[in-house]
Amino acid sequence: MSQADSIFTKIIQGDIPADIIYQDDDCICIKDIQPQAPTHLLVIPKKPIPCLAQATEQDHALLGHLMLRVGDIARHCGVEEAFRVVINNGADAGQTVFHLHLHILAGKAFSEGSLV
Ligand code: AMP
């Protein structure tokens with residue numbers, strides 16, 4: 001499967017359905033199909049960067065844009081007081097879709113001081 005054919009690219013192109021929370025010229029936010037928390041959203045750049053480690057200086061503004069939209073979306077969804085943002089980079093870190101995405105997780109108590 002080429003990078004252009006990732007499941008998220010197909011969602012961005014409207015070829016397969018998704019529950020879209022937000023989109024603009026540079027990113028889309030959808031509900032995760034297998035939620036790990038009461039609120040589980042994915043913020044996905046429209047540019048198909050395979051993973052965070054493959055982002056380049058050219059992506060500087062885009063990465064900032066994604067982080068700012070995370071805050072906006074958290075406020076929109078009423079979870080701005082407590083949410084977790086996760087990026088899995090690489091299969092051994094749990095990445096299953098090789099198109100950069102930020103997980104927004106909220107609505108449950110996360111372990112204090114624990115990242116896993
Ligand atoms: P990761 O394991 O970090 O690559 O995260 C990929 C995420 O994409 C998982 O949480 C999946 O549940 C989610 N996912 C996969 N396919 C879809 C889909 N068609 N719609 C929404 N979320 C999806």
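**Note on the predicted model**

1. As to overall dimensions, the C-alpha atoms of the protein chain occupy a box of roughly 40 × 30 × 30 Å along the principal axes. The radius of gyration is 14 Å, which agrees with the value near 13 Å that a compact globule of 116 residues would have.

2. The protein chain contains 2 helices and 5 strands, and from the N terminus on these elements follow the order α-β-β-β-α-β-β. Among the contacts with a separation of 6 or more, 52% are made by residues 24 or more positions apart.

3. Helix α2 comprises 17 residues (60-76), and the distance from its first C-alpha to its last is 25 Å, close to the 24 Å expected at 1.5 Å a residue. After α2 comes G78, which has a positive phi, near 75°.

4. Which residues of α2 are buried? They are L62, H65, L66, R69, V70, G71, I73 and A74, and their cover includes the strands β1 (20-23), β2 (27-31), β3 (39-45), β4 (84-86) and β5 (102-106). As a general point on such spacing, an α-helix has 3.6 residues a turn, so residues three or four places apart point the same way.

Key. Residues numbered from 1 in each chain as written. Predicted model: local features only at pLDDT ≥ 70, side-chain atom pairs only at ≥ 80, totals over all residues. Heavy atoms only, no water. Helix = DSSP H or I, 4+ residues; strand = E, 2+ residues; numbered from the N terminus. Expected span 1.5 Å × (residues − 1). Buried < 20%, exposed > 50% of the residue type's maximum accessible area, 1.4 Å probe, protein only. Contact = heavy atoms within 4.5 Å. Rg over C-alpha atoms; globule rule 2.2 N^0.38 Å.
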